[in-house]
Amino acid sequence: MMKTQLMHLVPRSLFLFFFIAFFAIDLSAQSQSDQQVLIFSKTEGFRHSSIETGTKALQQLASNEGINTRHTEDSRYFHPDSLSSYNAVIFLNTTGNVLNDSQEEAFEQYIQNGGGFLGIHSAADTEYEWSWYGDLVGAYFVSHPHIQKATIDVVDQSHRATSFLPKEWKRTDEWYNYKSISKEINVLMELDESSYEGGENGDFHPIAWYHEFDGGRAFYTGGGHTEESYSEDLFMDHLREALYYVIGDKE
């Protein structure tokens, strides 16, 4: 009698075990897929030929991490009802005045409500007349020399976006000179101007930084002009960890 009862109980207990395990896995997957990122690459000035390559690379990067993305150049997405769906917004090589007044207000509210911002390369060549945006990014583009190899001094390796990088990181890109550099940013990497031609910021030439700003998180990296950037493992790892920083996940 006891043996018969046990035989009946075992299938039920196994069913319960597998049901709980499946439910836990499903919840975990659902939690990851709930993360949404908006990739925005509208241009009203110079248009980078690397935008398409960069978009595909970022979409693949996010997909590998279980993060959903939407790519757009339609500024109408900068509306409170739309922006509230996203954990972070990436400005990928945007240029010029890409948002109108109401869209700017919606984006400010989004950051104030805890949203994340990741600016890549010419995100610093965007919205010069919108001072709040300049403070969010942390600096504005002023000029650049020709594409060339330079040495990046990784001055802070404690951040997740730089912890795996060499102390001196040599790579080829288009290197921006900046103006209106905020005193509130936390600089992670600086350019060694003795390693290339055309640097104009002197001994303090930040090229990647982060800060908490107006209720949200912001990260900017000056790399990403060239198409080749988006096939560099270290650069893409840098972008992945920068994205996680602004999302505020996987600390």
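Q: Which residues does Ser122 touch, not counting residues up to four places away in sequence?
A: Ser122 touches His48, Asn93, Thr94, Thr95 and Tyr176, where contact means heavy atoms within 4.5 Å. Please note that this is a predicted model, in which local features need pLDDT of at least 70 and side-chain atom pairs count only at pLDDT 80 or more, while totals for chains, interfaces and linings use all residues. Residues are numbered from 1 along each chain as its sequence is written, and side-chain values use heavy atoms, with hydrogens and water left out.

Q: Where is Ser122 found?
A: Ser122 lies in the loop between β4 (116–120) and α5 (131–137). Helices (H or I, at least four residues) and strands (E, at least two) are DSSP runs, numbered from the N terminus.

Q: Does Ser122 count as buried or exposed, and why?
A: Ser122 counts as buried because its relative accessibility is 0%. Buried means under 20% relative accessible area, exposed over 50%, and partly exposed in between, with a 1.4 Å probe and protein chains only.

Q: And the chain overall: how many helices and strands?
A: The chain has six helices and 11 strands. Of its 251 residues, 50% are buried. Among contacts with a separation of 6 or more, 72% join residues 24 or more positions apart.

Q: Turning to the core, which residues have the most contacts inside the largest one?
A: They are Phe91, Phe107, Tyr133 and Leu243, in a nonpolar core of 69 residues. Such a core is a set of buried Ala, Val, Leu, Ile, Met, Phe, Trp, Tyr and Cys residues joined through side-chain atoms within 4.5 Å. The largest share of this core, nine residues, comes from α6.

Q: How many residues of α6 are buried?
A: In α6, 11 of the 15 residues are buried, including Phe235, Met236, Leu239 and Leu243. His238 and Glu241 are also on that list.

Q: What about α4: which of its residues are buried?
A: The buried residues of α4 are Gln103, Glu104, Ala106, Phe107, Tyr110 and Ile111. They line one face of the helix, because they fall within an arc of 160 degrees seen down its axis; the arc is that of the directions from the helix axis to the C-beta atoms.

Q: What covers them?
A: The cover includes α3 (80–83), β3 (88–92), β4, α5, β10 (206–213) and β11 (216–221). Just after α4, Gly114 takes a positive phi of about 100 degrees.

Q: How many aromatic pairs are there?
A: The count comes to 24 aromatic pairs. Rings of Phe, Tyr and Trp (its six-membered ring) pair if their centres lie within 6.5 Å; planes under 30 degrees apart count as stacked, over 60 as edge-to-face and the rest as tilted. Phe78 and Phe107 form an edge-to-face pair, 5.4 Å centre to centre with 75 degrees between the planes. This pair links distant parts of the chain, 29 residues apart: Phe78 is in the loop between β2 (68–72) and α3, and Phe107 is in helix α4.

Q: Are Phe78 and Phe107 buried or exposed?
A: Both Phe78 and Phe107 are buried. They also belong to one aromatic cluster, whose members include Phe91, Tyr110, Trp130 and Tyr133.
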